[in-house]
Amino acid sequence: MLQTPSQTVGPYFAYGLSPEQYLYNFKSLVGNLMVNPIENPDSITIIGKVLDGENQPIPDAMIELWQIDENNQRFGRFGTGTDPESRFIFHTLKPESVAGQAPYLTVIVFMRGQLIHSYTRLYFSDEITLNEQDEVLNTVPSERRHTLIAQKKGSVYEFNIYMQGENETVFFEI
């Protein structure tokens, strides 16, 4: 019997899931350019790191972003292994509010030593009113909600993912 991706202990992401980013000679099915910022002046950039329990960047994690609202469905993937600062970088449009929920992106984290990927959400710091009303965000204890909120710095949203430690990101069971 063959192992499934969730049974292996990577990193195998570069070759199979983001080959162009790692300079393999074949096309990636998806990348970090969810929209082209040149063609979409309203595009946003999301930058962050995946950090371990000692607040050190994990240089070979892979992040997927899923975005679904009433008008758009987008998907992006980026490995932290080719950025000099071990960051992930995505270009997309800010999602719209759906049924009174705060705009959010679904974030999936893949990394070595983790047999099952982790799910979280990315909310936006400039959506204060909608964030306060969001049903899912309000299930999270108030002292931990900040781990799900990307901070706007100019035209960039910064969102670091802490796998362990004092600032551990809230992950959801799905």
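A pocket is an open set of points, on a 1 Å grid over the protein atoms alone, where a 1.4 Å probe fits, with protein on both sides within 12 Å along at least five of seven lines; lining residues have an atom within 4 Å of a point. This is a predicted model: local features need pLDDT of at least 70, side-chain atom pairs count only at pLDDT 80 or more, and totals for chains, interfaces and linings use all residues. Residues are numbered from 1 along each chain as its sequence is written, and side-chain values use heavy atoms, leaving out hydrogens and water.

**Largest pocket**
- The largest pocket holds about 180 Å³ of space, a volume being the space filled by probe spheres set on the points.
- Its lining consists of H146, T147, I149, Q151, K153, E158, F159, N160, Y162, N167 and T169.
- Strand β7 (residues 149–153) gives the most to this lining, with three residues; strands are DSSP runs of E, at least two residues, and helices runs of H or I, at least four.

**Second largest pocket**
- The volume here is about 160 Å³.
- F124, S125, I128, N131, E132, L137, N138, R145 and I149 form the lining.
- Helix α2 (residues 128–133) contributes most, with three residues.

**Positive phi**
- Most residues other than glycine have a negative phi.
- S86 is not a glycine, yet has a positive phi of about 60°.
- S86 sits in the loop between β3 (73–79) and β4 (87–93).
- A99, in the loop between β4 and β5 (104–110), has a positive phi near 50°.
- S86 is buried at 12% relative accessible area, whereas A99 is exposed at 74%; buried means under 20%, exposed over 50%, partly exposed in between (1.4 Å probe, protein chains only).
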